[in-house]
Amino acid sequence: MIEVFVDSSVLIEGLKGNPEAVEIMNTLADENAIAIINDIVASEFLFHYIRLKSGVSPFTVKQYKRINEFITDREPWDFIEQFHILPVDEETVEEAYHLMRAHNLLPNDAIILRIMQDKRN
């Protein structure tokens, strides 16, 4: 069985209805792939989910204590729980720090790269 790391951009674009992102998700399901995300991807997805569902900044939603209107008992957890979630540990963050410097990466991208390097080994 194939394992595939899914970036938050695919999840977010799928939520927006982007046909390419939807096709990627459907292909993963059709192939019975093990879809993997990490806690950062989950966080990024939830942040954008709140923005897309509310139509305003997640910070505004928080300020007015309305997060539970958009993050319900099951939604979008029912979507997120379809993925295998890899945690980020201290060693991963430290190695990602060095990857940022070596390859001009932003923090989340470096962490994702480091996790994928661990999965390959």
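This is a predicted model: local features need pLDDT of at least 70, side-chain atom pairs count only at pLDDT 80 or more; totals for chains, interfaces and linings use all residues.
Trainee: Okay. With which residue does Glu-81 form a salt bridge?

Mentor: The rule for a salt bridge is a side-chain nitrogen of Lys or Arg within 4 Å of a carboxyl oxygen of Asp or Glu. For Glu-81 the partner is Arg-74, with the closest N and O atoms 2.5 Å apart. Arg-74 is partly exposed too, at 43%.

Trainee: How many salt bridges does the rule give?

Mentor: The count is three. Another one joins Glu-69 to Arg-66, where the closest N and O atoms are 3.0 Å apart. Glu-69 has a relative accessibility of 47% and is partly exposed; Arg-66, at 33%, is also partly exposed. Then there is Glu-13 with Lys-16, at 3.2 Å between the closest N and O atoms. Here Glu-13 is partly exposed at 27%, and Lys-16 is partly exposed at 48%.

Trainee: Where do Glu-13 and Lys-16 lie?

Mentor: Start with the general idea: an α-helix has 3.6 residues a turn, so residues three or four places apart point the same way. Glu-13 and Lys-16 are both in helix 1 (residues 8–16), three residues apart, or about one turn of the helix. Helices here are DSSP runs of H or I with at least four residues, strands are E runs of at least two, and both are numbered from the N terminus.

Trainee: Which residues of helix 1 are buried?

Mentor: Ser-8, Val-10, Leu-11 and Ile-12. Their cover includes helix 2 (19–30), strand 2 (34–38), helix 3 and helix 6 (77–80).

Trainee: At roughly what angle do the axes of helix 1 and helix 3 cross?

Mentor: Axes are lines fitted to C-alpha atoms, for helices over the stretch in contact, and the angle between N-to-C directions runs from 0 to 180 degrees. For helix 1 and helix 3 (residues 39–54), the axes come within 9 Å and cross at roughly 25 degrees. So helix 1 is roughly parallel to helix 3, given that the cut-offs are under 35 degrees for roughly parallel, over 145 for roughly antiparallel, 65 to 115 for roughly perpendicular, and oblique for the rest.

Trainee: Which residues make that contact?

Mentor: Contact means heavy atoms within 4.5 Å. Helix 1 brings Ser-8, Leu-11, Ile-12, Leu-15 and Lys-16, while helix 3 brings Val-41, Glu-44, Phe-45, His-48, Tyr-49, Leu-52 and Lys-53.

Trainee: And for the protein chain, how many helices and strands are there?

Mentor: Eight helices and three strands, in the order β-α-α-β-α-α-α-α-β-α-α from the N terminus. Of the 121 residues, 31% are buried. The C-alpha atoms fill a box of roughly 40 × 35 × 25 Å along the principal axes.

Note on methods
Residues are numbered from 1 along each chain as its sequence is written. Side-chain values use heavy atoms; hydrogens and water are left out. Buried means under 20% relative accessible area, exposed over 50%, partly exposed in between (1.4 Å probe, protein chains only).
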